[in-house]
Amino acid sequence: MPKEWIKRRKRDYYYRKAKEEKYRSRASYKLIEAVERYNFIRPGDIVVDLGAAPGGWIQVSREIVGERGFVLGVDLNEIKPLNYPNVHTITGDIRDPSTIQRVLMLLPRLADVVVSDVSPNISGIWEYDHGRQMELAQATLKTAASILRKGGNLFVKVFQGDMLNAFLRDVKRFFSVVRLVKPKASRPESAEIYVLALGYKGRANPEN
Ligand SMILES: C[S@@+](CC[C@H](N)C(=O)[O-])C[C@H]1O[C@@H](n2cnc3c(N)ncnc32)[C@H](O)[C@@H]1O
């Protein structure tokens with residue numbers, strides 16, 4: 001890793017805060033801030049976290065849902081276990097339809113909330129990264145449409161760019177309220193932004 005990058009990371013406020021507060025990632029504060037503002041995860045909820053490794057958003061979700069809720073994390077990479085009976089993790093690709101089946105088998109009932117911070121490895125080639133991020137956001141939308149209860153909520157990472165409007169149109173077909181959220185913990189220079197979609201309208205195929 002470049003020395004300058006390591007130095008910058010150590011100076012970063014959210015990186016240090018995450019270390020102090022024992023969160024597995026600085027990304028935790030993006031979810032905390034968004035939930036504090038929009039209240040889309042509640043105690044007792046069932047939350048599915050897509051692209052969940054190393055587990056910062058799982059920790060935050062578990063804190064909110066408490067003992068009565070349930071959290072399931074999915075990632076290509078193995079997630080180090082979290083020691084709660086109501087937190088589960090699986091290794092899988094969210095683009096693979098069999099992952100949806102595995103998620104549904106593990107959930108006690110349909111999910112109340114899907115959160116997705118899923119992200120490809122960044123190449124630095126803007127158009128390529130935007131395209132891959134939007135492909136993953138579409139895979140998140142498809143998964144959410146298969147596992148959410150009616151009225152459920154979605155919070156998903158996207159990259160700003162020319163494919164975003166088409167994605168927002170797709171999301172609006174399935175959710176009653178859709179807005180863009182840029183948490184303070186998301187670096188201002190990053191193209192990353194989050195789509196918050198409230199009130200899932202019911203089961204349908206996002207490809208139709
Ligand atoms: C920014 S990290 C998520 C950080 C997480 N929210 C946290 O707080 O710890 C993005 C994750 O997306 C995962 N990912 C990328 N493509 C994926 C895919 N097709 N299916 C599942 N996970 C994927 C990566 O392995 C990576 O762990």
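Residues are numbered from 1 along each chain as its sequence is written. Because the model is predicted, local features require a pLDDT of at least 70 and side-chain atom pairs count only at pLDDT 80 or more, whereas totals for chains, interfaces and linings use all residues.

The secondary structure of the protein comprises seven helices and seven strands, where helices (H or I, at least four residues) and strands (E, at least two) are DSSP runs numbered from the N terminus. Along the sequence these elements follow the pattern α-α-α-β-α-β-β-α-β-α-β-α-β-β. The radius of gyration of the protein, 16 Å, is close to the 17 Å that the globule rule gives for 208 residues, so the protein is as compact as a globular protein of that length; the radius is taken over C-alpha atoms, and the rule is 2.2 Å times the number of residues to the power 0.38. The C-alpha trace spans about 50 × 40 × 30 Å along its principal axes. Of the 208 residues, 39% count as buried, a residue being buried if 20 or more other C-beta atoms lie within 10 Å of its own, exposed if 12 or fewer, and partly exposed in between, with C-beta atoms placed from the backbone. Among contacts with a separation of 6 or more, 67% are accounted for by residues 24 or more positions apart, two residues being in contact if their C-beta atoms, placed from the backbone, lie within 7 Å.

Helix 3 (residues 28–38) and helix 4 have axes that come within 8 Å and cross at roughly 35 degrees; axes are lines fitted to C-alpha atoms, for helices over the stretch in contact, and angles run from 0 to 180 degrees between N-to-C directions. The crossing of helix 3 and helix 4 is right-handed, a term used if the near helix is turned clockwise from the far one by less than a right angle, left-handed being the anticlockwise case. Helix 3 contributes Ser28, Leu31, Ile32 and Val35 to this contact, and helix 4 contributes Gly56, Trp57, Gln59, Val60 and Ile64. These residues divide into six nonpolar, three polar and no charged, with Ala, Val, Leu, Ile, Met, Phe, Trp, Tyr, Cys and Pro counted as nonpolar, Asp, Glu, Lys and Arg as charged, and the others, Gly among them, as polar. Within helix 3, Ser28, Tyr29, Lys30, Leu31, Ala34 and Val35 are buried, and the buried residues of this helix pack against helix 2, helix 4, strand 4 (111–116), strand 5 (148–159), strand 6 (175–181) and strand 7 (192–200).

The contact involves Ile100, Val103 and Leu104 of helix 5 together with Thr143, Ser146 and Ile147 of helix 6, and its residues divide into four nonpolar, two polar and no charged.

The ligand is surrounded by 23 residues, of which Ser25, Gly51, Ala53, Gly56 and Asp117 are the closest; a residue is assigned to the shell if its C-beta atom, placed from the backbone, lies within 6 Å of the ligand. Helix 4 (56–65) and strand 2 (70–75) are the elements that give two or more residues to this shell. By class, the shell has eleven nonpolar, seven polar and five charged residues.

Several backbone features fall in loops. The peptide bond from Ala53 to Pro54 is cis, with omega near 5 degrees, and Pro54 lies in the loop between strand 1 (46–50) and helix 4. Lys22, in the loop between helix 2 (13–20) and helix 3, has a positive phi near 60 degrees although it is a residue other than glycine, and Lys22 counts as exposed because it has 8 C-beta neighbours inside 10 Å. Asn39, which follows helix 3 and lies in the loop between helix 3 and strand 1, likewise has a positive phi of about 55 degrees without being a glycine; with 11 C-beta neighbours inside 10 Å, Asn39 is also classed as exposed.
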